[in-house]
Amino acid sequence: MKMLAGKNAVVTGCMQGIGMKTMEVFAQEGANVWAFCYQPTDELTAKIQSLQEECGVWIKPLYFDMADDEATKAALKQVMADKLPIDILANVAGITHNALFHMTSMNDFHRVFQIDFFAQMLITQFITKLMLRNRKGSVIFISSDAAVTGNAGQIAYSAAKGALISAMRTLSAELANSGIRVNAVAPGVIDTAMTQALTDEQRDKLLVSADIKRLGQPEDIANALAFLGSDYSSYITGQLLRVNGGCK
Amino acid sequence: MTMNAMLNGKNAIVTGANRGIGLAVLRLFAASGCNVWACCRKPSEAFTQEVAQLQEKHSVWIEPVYFDLQNSEEMKSAVKLIREKKEKVDILVNNAGIEQKGSLFQMTSTEVFRQIFEVNVFAQIEFSRYITNLMMRNRSGSVVNLISVAGLDMTGGYMAYSASKAAMASVTKTMAAELCSYGIRVNGVAPGIAQTDMAMSLTEQARENTKAASLMQRIADPEEIATVIRFLASDDASYMTGQIVRADGGMA
Ligand SMILES: NC(=O)c1ccc[n+]([C@@H]2O[C@H](COP(=O)([O-])OP(=O)(O)OC[C@H]3O[C@@H](n4cnc5c(N)ncnc54)[C@H](OP(=O)(O)O)[C@@H]3O)[C@@H](O)[C@H]2O)c1
């Protein structure tokens, strides 16, 4: 049996990187996916097509900008209109902002928090409301090592990711008796467009603290999300799973 | 990768495989296509039957290995037996352990401390040293240690046990750092409370307290701990090392 056979999942940030890989692993493990993306690309469309054929699942892309609450709500209403039980919400979408504290404008803070925190709360509110009807579900956020250890030059990003950890813990407490588990994954340095924005020097410095001397791959995170989304983690809630190659 | 084939073709060593969480691990690993050296103290009719059934059902080999963790000579012979099979060792689950009769710090004799540490710490390190030595030759391996939330959260009443588990949390991290360059990952699972003989030996009060402290307000099935162990043991966790994963129904 596949790990997520027959489950329905919402995955955000499917356009690229970890989100796209998560969509792929979820489909391969037998889950149907509502794939939230910023905008269509040829690569994404082709990927969805081939995954559907290969895995015998459906994948519905929904395109919108998480900076726009109204657009987000409209997409969520489309999910609701499908009237299907939702088993998993993987909040993958996120943006980064690399700047020192004194160089980070309030505008930057607002922009980062909008995507990395507020929009995720909005989506999670909608989706968990649907999960409550079935009294089961698994919600997963993506935090970051930067939120745990701090990371010079990433104040807005690490603060938003820290807020997610706290929200995850509160939410896990609020939803536990409704059968909904809430956890987060904290990736280390993962090889995606987001980390390619770092300078070589920044990247090397980050790797110094990892025991496993390689960048993490999107698949490393997607596999952890599949585990937390599955019933194989049924006694795990309120936890931060660090997938970071052993950084402290 | 489908979950049931998650450990396909791998070979694992599981200690304390005859009951409790260890038995759940043995069953799950076998069902996931994994061959197992099933370590326990003494042969028994029930265990022999269990092993025979699992082998047949899942087409894997399971080799019982009998030794007491407190007996270095027995341990050495066991390692020899494992080595002589000339199969690669991919996974080590250090599961066997003992608990302590609940008693306050002031009431806990040094003797009790020593005995608990002997099994829960020193024997684990000794055995891990032998086995990771074999893994080092293949430059790959995954070790999963059984910690406990008792070793991470400070609660009163089971100090020797808690301290032994805290020591293992630390051992886990140091081993991870030292063995990483040999391709060996080392992680821990910290269960809250799981339905086993060990949990049943706690006082009713201690059990109820632990249960009440969890968001889920229930005790885990041993299988729910085994699935977490399997994840960490598998290649799906290939970028995780030095971590202690709590499977505690939501406590901290
Ligand atoms: N159950 C829980 O709630 C819980 C919570 C947190 C952590 N854990 C940890 O999870 C692990 C398994 O616990 P469990 O609940 O499954 O315990 P259990 O039901 O009491 O089983 C313990 C196992 O360890 C073996 N063992 C003990 N001393 C040994 C020795 N000197 N040499 C060889 N084997 C020995 C036992 O063998 P015999 O049958 O020969 O005695 C048995 O197979 C332990 O490390 C425990 O500390 C359990």
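## Salt bridges and polar contacts between the chains

Between chain A and chain B there are zero salt bridges, a salt bridge being a side-chain nitrogen of Lys or Arg within 4 Å of a carboxyl oxygen of Asp or Glu. Polar contacts join 10 residue pairs across the two chains, both residues at pLDDT 80 or more. A polar contact is a pair of N or O atoms within 3.5 Å; within protein, one must be able to donate a hydrogen and the other to accept it, and residues adjacent in sequence count only if both atoms are side-chain atoms.

This is a predicted model, in which local features need pLDDT of at least 70 and side-chain atom pairs count only at pLDDT 80 or more, while totals for chains, interfaces and linings use all residues. Residues are numbered from 1 along each chain as its sequence is written, chains are lettered from A and ligands numbered from 1 in the order in which they are written, and side-chain values use heavy atoms, with hydrogens and water left out.

## Interface area and composition

Chain A and chain B each bring 34 residues to the contact, where contact means heavy atoms within 4.5 Å. About 2900 Å² is buried between them, 61% of it on carbon and sulfur atoms; buried area is the accessible area (1.4 Å probe) that two parts lose on being put together, summed over both. Tyr232(A), Tyr235(A) and Gln239(A) supply 27% of the area that chain A buries against chain B, more than any other three residues.

H9 of chain A (residues 218-229) packs against H8 of chain B (residues 222-233) at about 170°, the axes being 12 Å apart. Axes are lines fitted to C-alpha atoms, for helices over the stretch in contact, and angles run from 0 to 180 degrees between N-to-C directions. H9(A) is therefore roughly antiparallel to H8(B), a term for angles over 145 degrees.

Asn223(A), Ala224(A) and Phe227(A) of H9(A) meet Thr227(B), Val228(B) and Phe231(B) of H8(B). Four of these residues are nonpolar, two polar and none charged. Ala, Val, Leu, Ile, Met, Phe, Trp, Tyr, Cys and Pro count as nonpolar, Asp, Glu, Lys and Arg as charged, and the others, Gly among them, as polar.

## Ser234(A)

Ser234(A) sits in the loop between H9 and S7 of chain A; helices (H or I, at least four residues) and strands (E, at least two) are DSSP runs, numbered from the N terminus. The side chains of Ser234(A) and Glu224(B) make a polar contact of 2.4 Å. Leaving aside residues up to four places away in sequence, Ser234(A) touches Arg181(A), Met216(B), Arg218(B) and Glu224(B).

Notes:
Angles under 35 degrees count as roughly parallel, over 145 as roughly antiparallel, 65 to 115 as roughly perpendicular and the rest as oblique.
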